[in-house]
Amino acid sequence: MASLQPVRGTHDLLPEQNRLQDHIAQVARDIGELYGYHRMTTPIFEFTEVFARTLGDTSDVVTKEMYTFEDRGGEQITLRPEGTAGIARAYISNGMQQMSPVKVSYYGPMFRYERPQKGRQRQFHQIGAELLGVEQVAGDIEMIAYGAHILKSLGLWDSITLELNTLGDPESRAAYRDVLVDYFKGHFDKLSEDSRARLEKNPLRILDSKDEGDRELVANAPLFAEYLNEHSQEFFKSLTGGLGDIGIGYELNPRLVRGLDYYCHTCFEFTTNTLGAQGTVMAGGRYDGLISTMGGPQTAGVGWAAGVERLALMVGEAPAGLRPIALIPMGDAAEARCRTLAQTLRETGIAVELGYAGNMKKRMKRADKANARLAVILGDDELAKGVAQLRDLDSGEQQEIALDQLAGVIGKR
């Protein structure tokens, strides 16, 4: 048994780490409520088609990274690699178009088979949000503001940059796609094997290639901005103007793209230089064609997702938890009385540290380790007098309190 370890790319979230991730998720949830986004949970696994259709059959996620298996009924099942596809499937399955606009947030584990590294695991966690049914640029502005608000509340904003680009409408995208294909065909022999495969089906993904040879070609590729029609230019102008209205600055990144055809207009990433190569902490954009690609009605959409592990690396430590009251019984009779007192205090919302055994020195040491704020010391002499010693563990001040008044006194401190 001593040799058993977690599967490579997974890790145990010990209580302190779990508390940090819970803190991040709770901040995101609370801020979401301010913007009208409410938590939604989809299954951890879906039919493989849900992800194959939405992520594209030439994407690295589909071709190399998905955890896919055949269940006992012969169905192809995949552990979810991201959150948007499941939300989109749920929108169709549950007839949520009747509820438009749909504003939801999510938090949970995702799964990708990739090389584990700092801030990137095979089982990881994401927070995210989706806005479905809003075509206006106001939705994009709100979504970016929502993400920025979370990063500010976590104390990370000073090390964050918002990178922004436009992918234009379908007409602009089609024009740019043709120009891009012609450009890369002229350098076909210099493209990586993966980029050659993407050239006809998914040329925009080449712009996001990590291959050094591809990156040299991308540096000289035509820019999307040169092929935007008037509508696309106006949409982007409204977006940047709206961000200016609410005081959110940005850097234009003309190479920031999303490869699949259902993406359009807004494309954004919140990035940092504090995590080395893993610089993106939150990414999103508009995807007006996603729902119809999955067989649902034509529905506008915009959203973002963020890796909780990466955010946790930046946050560092969770806020301090509740400081408990330490009960220090000396003797069997005091032990029984402290059990009753502990239950009474806990049921009124007061955290209690009640050890299972040990002399007073050991119990006080445990109280210090638990960062207790008060200690209730109870022995045979105190029981005989109907009192307890109440010690302030910060100041060292100690006073005698009647047992029948103890819960009330503690509740006020």
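How many bridges join strand 2 to strand 4? I looked this up in a predicted model. I found 3 bridges, and the two strands run antiparallel. Strand 4 covers residues 76-79.

I see 3 strands in an open sheet, in the order 2-4-3, with antiparallel pairing. Strand 2 (45-47) and strand 3 (68-70) are at the edges. Each has a single partner strand, so one side of each lacks a neighbour in the sheet. I note an average twist of 35° from one strand to the next. Helix 2 (residues 48-55) lies across strand 2, strand 3 and strand 4. I noted its angle to strand 2 as about 80°.

Next entry: helix 12. I looked up residues 332-347, which make 16 residues. From first C-alpha to last, helix 12 reaches 23 Å, close to the 22 Å expected at 1.5 Å a residue.

Which residues of helix 12 are buried? I list Ala334, Glu335, Cys338, Leu341, Ala342 and Leu345. They cover an arc of only 125° around the axis, which puts them on the same side of helix 12. The spacing makes sense to me: an α-helix has 3.6 residues a turn, so residues three or four places apart point the same way. On the other side of helix 12, I find Asp332, Arg339 and Glu347 exposed.

I also checked what the buried residues of helix 12 pack against. Among the partners are strand 12 (325-329), helix 13 (360-369) and helix 15 (403-411).

Technical notes. Residues are numbered from 1 along each chain as its sequence is written. This is a predicted model: local features need pLDDT of at least 70, side-chain atom pairs count only at pLDDT 80 or more; totals for chains, interfaces and linings use all residues. Side-chain values use heavy atoms; hydrogens and water are left out. Helices (H or I, at least four residues) and strands (E, at least two) are DSSP runs, numbered from the N terminus. The expected span of a helix is 1.5 Å times one less than its number of residues. Buried means under 20% relative accessible area, exposed over 50%, partly exposed in between (1.4 Å probe, protein chains only). The arc is that of the directions from the helix axis to the C-beta atoms. Contact means heavy atoms within 4.5 Å. Two strands pair if DSSP finds at least two bridges between them. Axes are lines fitted to C-alpha atoms, for helices over the stretch in contact, and angles run from 0 to 180 degrees between N-to-C directions.
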